[in-house]
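Open your viewer and get your selection tool ready. We will go from stop to stop, picking a piece and looking at what is there.

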Amino acid sequence: MTGTADRPPHLDGWVPYPPEFAAAYREAGYWTGETFGAFLRERARRFADRTAVVAGGDRWTYAELDARADALAAGLARLGLAEGDRVVVQLPNTAALLETVFGLFRLGALPVYALPAHRRSEVVHMAATTGAAALVIPGSPTGFDHRGMAEEVRAAVPSLTHVVVDGDPGPGQVPLDSLRSGHGPFTPAEPDPGGVAFLQLSGGTTGLPKLIPRTHDDYLYSVRASADICGLDTGTVYLAALPATHNFPMSSPGFLGVLHAGGTVVMSPDPGPGTALALIEAERVTHTAVVPPVARLWLDAVEHGSQGTRDLSSLRVLQVGGAAFAEETARRVTPVLGCSLQQVFGMAEGLVNYTRADDPDDVVTTTQGRPISPHDEIRIVDDQDRPVPEGESGHLLTRGPYTIRGYYRAPEHNATAFTPGGFYRTGDIVRRHPSGNLVVTGRAKEQINRGGEKIAAAEVENHVLAHPAVRDAAVAAVPDPFLGERTCAYVVPRGQAPARSELLAFLRGRGLAAYKIPDLVEFVEELPSTAVGKVAKRDLRAASTRPGSDH
Ligand code: OOB
């Protein structure tokens with residue numbers, strides 16, 4: 001939907017905050033009217049010569065990042081993109097990622113954030129659902145042919161006109177570099193701060209993952225408040241170790257929180273201890289964020305000296321979140337790494353909880369923190385939405401100044417994913433600790449949390465069911481000592497069972513992100529069902545005893 005002078009661009013199909021709530025959030029000073037384009041402009045004025053981002057050989061000041069965002073916005077406008085257009089951004093942790101998203105914000109275009117691990121299936125879905133006009137991908141070797149995938153996406157999505165490549169382009173693709181120089185007729189957009197700024201993909205619980213629309217007002221509030229809670233300032237050096245298009249390294253407080261505070265973002269191409277610990281030493285990193293399996297890898301590497309001796313004395317805070325962090329591992333963080341631990345329990349839909357710097361050690365190692373905002377409403381309820389007694393476990397429902405009121409273009413799903421009063425049903429089971437913090441004790445949603453990577457069982461089941469030799473299938477989590485959980489596909493064959501390797505190759509061929517390919521395949525005669533006729537996944541799990549992987 002391209003804007004014209006008489007028809008201002010706006011996105012339809014999203015659920016705005018009710019006016020009385022929006023007014024209350026503005027009144028409380030949470031929603032300030034700041035937009036992403038203005039955010040960078042203002043920080044560039046205040047922190048001009050400070051280093052904003054370090055990535056590989058790139059080292060850009062705030063002023064440079066700001067100028068590059070303008071130049072790229074002009075280039076994108078010359079290409080034909082306009083305010084209101086959606087653009088799928090699938091870039092790894094590079095300086096170009098920041099340049100691209102702020103270039104899009106300057107233009108008033110909406111980034112749609114894909115993870116580098118996403119493949120044709122996910123990218124087609126995101127591009128088609130949002131009617132995206134362009135896709136931005138890496139061109140340099142990443143071990144996967146993004147350029148080839150981009151053409152398959154272009155063939156499947158009629159709105160997708162442009163493929164922009166950060167590196168060497170394929171035929172008919174546009175090098176990002178060619179959009180960087182020269183100027184065109186371009187005035188920075190002044191979008192409505194209450195409107196949608198970008199979209200992100202949910203972990204999902206249904207056949208197709210839902211898109212999450214976030215506004216300038218709501219998201220930037222969570223960024224500023226997160227930076228305050230985490231004590232960021234101009235001396236902060238933050239390592240983006242996880243893929244930066246995910247919500248955790250983006251805004252909890254993430255690279256945006258660091259830019260808000262005038263600190264430096266260091267981009268790590270991968271979270272492995274070899275790369276990340278070397279960057280912590282070289283750049284004197286003070287803060288970083290990881291998922292539990294990565295935390296374990298770092299702890300083991302430091303304890304066993306497998307990456308040599310690294311000077312990690314600059315590191316003040318290790319944030320761990322995205323999945324359950326075992327207490328025994330949590331207790332190792334400070335003795336082994338010499339920094340504080342902060343647990344983070346967040347979700348792309350909004351609500352983020354942090355343990356606080358002044359929480360006692362026991363609270364930091366055994367709870368997942370408390371919400372950002374005094375206006376975050378938390379309800380812990382039973383299956384009938386009735387509050388459970390204080391301290392007992394129940395379903396977590398939430399509503400607040402940075403939690404969405406609905407997924408994008410998903411009215412049917414929204415009718416069950418949200419209460420009539422607008423509370424988001426997180427699908428997490430929590431209890432309140434005497435400290436007031438939340439403890440995540442389980443999960444009610446049909447989702448597998450594979451070391452922080454979320455997999456909707458139904459999405460993978462649909463792909464398995466597409467195989468001609470499969471009559472029925474169920475995908476469930478099985479415990480894993482390293483990842484916490486991994487996936488097992490229980491398959492009822494139609495006659496002769498296919499070979500496991502053939503079924504897995506079939507799934508890869510369907511263009512699914514690698515982390516969604518089942519780790520194990522079990523052939524069963526039938527799927528057990530519960531009293532109400534649903535697949536009894538607990539019984540399946542109990543039946544599965546096979547260790548190892550089928551890959
Ligand atoms: C983060 O966001 P998503 O959207 O990838 O996943 C959200 C879900 C939560 O609903 C919960 O099921 C799980 O991930 N989760 C945790 C957790 N943090 C997230 N489960 C147990 N313990 C934790 N600490 O994962 C995310 C977004 C922003 C900040 C941090 C994580």
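Here is the tour, with a note on conventions before the stops.

This is a predicted model, in which local features need pLDDT of at least 70, side-chain atom pairs count only at pLDDT 80 or more, and totals for chains, interfaces and linings use all residues. Residues are numbered from 1 along each chain as its sequence is written, and side-chain values use heavy atoms, with hydrogens and water left out.

**Stop 1: the sheet.** Start with the open, mixed sheet of 7 strands, ordered β7-β6-β5-β3-β4-β8-β9. Its edge strands, β7 (174–175) and β9 (211–215), each pair on one side only. Strands here are DSSP runs of E with at least two residues, helices are runs of H or I with at least four, and both are numbered from the N terminus; two strands pair if DSSP finds at least two bridges between them. Now select β4 (residues 110–113) and β8 (residues 196–201), a parallel pair with 2 bridges. Within this pair, V112 stands opposite L199 of β8.

**Stop 2: helix α5.** Pick T129, which sits in α5 (residues 120–130). A polar atom of the T129 side chain lies 2.6 Å from the backbone oxygen of H125. Beyond its neighbours within four places in sequence, T129 is in contact (heavy atoms within 4.5 Å) with L211, Y408 and R409.

**Stop 3: helix α7.** Select residues 216–229. After α7 comes G231, with a positive phi near 65°.

Stop 4: P273 belongs to α10 (residues 273–283). P273 counts as buried because its relative accessibility is 13%. Show its contacts, leaving aside neighbours within four places: A278, L297, W298, A301 and Q307.

**Stop 5: an annotated region.** Finally, select residues 459–534, where UniProt (unreviewed entry) places "domain: AMP-binding enzyme C-terminal". This stretch is 22% helix and 33% strand, and its end C-alpha atoms are 16 Å apart.

Note on methods:
UniProt positions renumbered as here; feature names shortened; annotations may be inferred. Polar contact = N/O pair within 3.5 Å; in protein donor to acceptor, adjacent residues only side chain to side chain. Buried < 20%, exposed > 50% of the residue type's maximum accessible area, 1.4 Å probe, protein only.
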